[in-house]
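The sequence and structure come before the details.

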Amino acid sequence: MRVLHVPYGYFPDAVGGTEQYVAGLAQEQQKLGLSPFVAAPAAAESQYQHEGLQVFRYVLAGSLSLDDLYGAGDPMAAAAFGRLLDRERPGIAHLHAYTSGVSLRVAREIRSRNIPIVFTYHSPSVSCARGTLMRWGRTPCSGVLDAEPCPPCTVASYGLPQPLAMAATPVARIASRVLSTGRREVATAVRLPELVDLRNRRALEFLGMADRLTVHAEWTRALLIRNGLNADRIRLIRHGLPEKEMEVAGSPVSLRHDQPLRVAFFGRLDPAKGAHLLIEALERDDTLQVEVVIFGIEQERAYEPYARAVRRRSASNRRIEIRPPIPHHAIIRTMRDFDVVAVPSQVLETGPLVVLEAFAAGVPVLGSKLGGIAELVTDGVNGLLIEPDAGAWAAALKQLWQQRDLVKQLRQGIKRPRAMRHVAEEMSDVYRMVTA
């Protein structure tokens, strides 16, 4: 069976957890006798091999109308994708993203050729215009697209206080019907509530076109059911790690009671991943003997101001060090040099992969009490779950610094993560169902 995987982007570009998942899954699927290949949107069309996997890049439009951007997606990308389908003729299309380049129009191209669709929900940005599933940026959202205050919450994400966002939304709805403007930024501001409504409708239509949906976390499954999707079409398939990565993990370094607590952060330098919480936690207590190393990835231009702020604040604190990101294959080995791995996410994560990597290294996780983190980390057993605010993180760091035996206890509670081959086997069952 030829299986077409469609993520946000792909190697050798800068990638995230979704692309790493696709690469690991595809490699295991090859061992099972499947023929996986990848198609991903890009600025230019190309075709190449990456680690034994055929990769096709289909072209994106240079610019989109607001209705295409928030609605059915990029028509040029969908047309290019359709031509790729006609050439390569996959037996199944496995979508891993929902963007203007992997859109409702792309799903329609697949459906028009009677190719089964499987969709894996990797990120809250699939169903949340704000991208976090945190209502007003503070509390977890139910994710029900026709019930939650999505338009004003999205308006507030641009810096408007919540009361003003609530008041401005109905005014903007009226203004969008009577005003026209040639300036895109003004049009976006005026039409934003209407555009968020459009995005929600199209996202639900997109999800409804999948023959099966797979999720990494139970909270995601519950969210999809709340939005009216059939529970029988949704399969929980938790993440796994390539066995070759776990085999080289080794054992973590010995605990050093007479030295500072060593904490590592691995991830993007954007507000959603929460590196600033670690900085703020240390700023609250100058006596904390904690050393934080941030392996920060700068991936999106929109977050450059945040990354600069993290670097500036870190430079003035001798207990914080910023290091370049390391190759993915070296992450687990690097984690062994630390006492704990911090995952201070400010969003509802579906995985995240970094938690499993920490467990593969035998290192406990200090994680936000949100989403998938709270499903993987058992508080007091293999890590600590912390409310996503600086005060709670400062208290947790102090607890671990003062109670090194607790770190040892948490290490003993870690179980080896499951292998990606199990993910591939379960996914093969899903493929058999949709192609039967």
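## Salt bridges and a pocket

Asp 67 is partly exposed, at a relative accessible area of 40%; buried here stands for under 20% relative accessible area, exposed for over 50%, and partly exposed for what lies in between (1.4 Å probe, protein chains only). The model is predicted, so local features need pLDDT of at least 70 and side-chain atom pairs count only at pLDDT 80 or more, while totals for chains, interfaces and linings use all residues. Residues are numbered from 1 along each chain as its sequence is written, and side-chain values use heavy atoms, with hydrogens and water left out.

The side chain of Asp 67 forms a salt bridge with that of Arg 191, at 2.9 Å from N to O; the term requires a side-chain nitrogen of Lys or Arg within 4 Å of a carboxyl oxygen of Asp or Glu. Asp 67 belongs to helix H2 (residues 66-70) and Arg 191 to helix H7 (residues 184-208), so the pair ties together parts that are 124 residues apart in sequence. Helices (H or I, at least four residues) and strands (E, at least two) are DSSP runs numbered from the N terminus. Arg 191 is buried, with a relative accessible area of 17%. A network of salt bridges links Asp 67, Arg 191 and Glu 194.

The structure holds 25 salt bridges, among them the following.

| Pair | N to O distance |
|---|---|
| Asp 67 and Arg 191 | 2.9 Å |
| Arg 113 and Glu 109 | 2.8 Å |
| Glu 298 and Arg 311 | 2.6 Å |

Glu 298 sits in the loop between strand S12 (290-297) and helix H11 (304-315), and Arg 311 in helix H11, so this pair ties together parts that are 13 residues apart in sequence. Glu 298 is partly exposed at 47% relative accessible area, and Arg 311 is partly exposed at 36%. In the remaining pair of the table, Arg 113 is partly exposed at 27% and Glu 109 is partly exposed at 22%.

The second largest pocket holds about 300 Å³ of space. A pocket is an open set of points on a 1 Å grid over the protein atoms alone, where a 1.4 Å probe fits, with protein on both sides within 12 Å along at least five of seven lines; lining residues have an atom within 4 Å of a point. Its volume is the space filled by probe spheres set on the points, which are joined across faces, edges and corners.

Of the 16 residues lining the second largest pocket, Arg 238, Leu 356, Phe 359, Leu 376 and Pro 417 lie nearest its centre. Helix H13 (353-360) and helix H14 (371-376) each supply at least two lining residues. The lining divides into 5 nonpolar, 6 polar and 5 charged residues, where Ala, Val, Leu, Ile, Met, Phe, Trp, Tyr, Cys and Pro count as nonpolar, Asp, Glu, Lys and Arg as charged, and the others, Gly among them, as polar.
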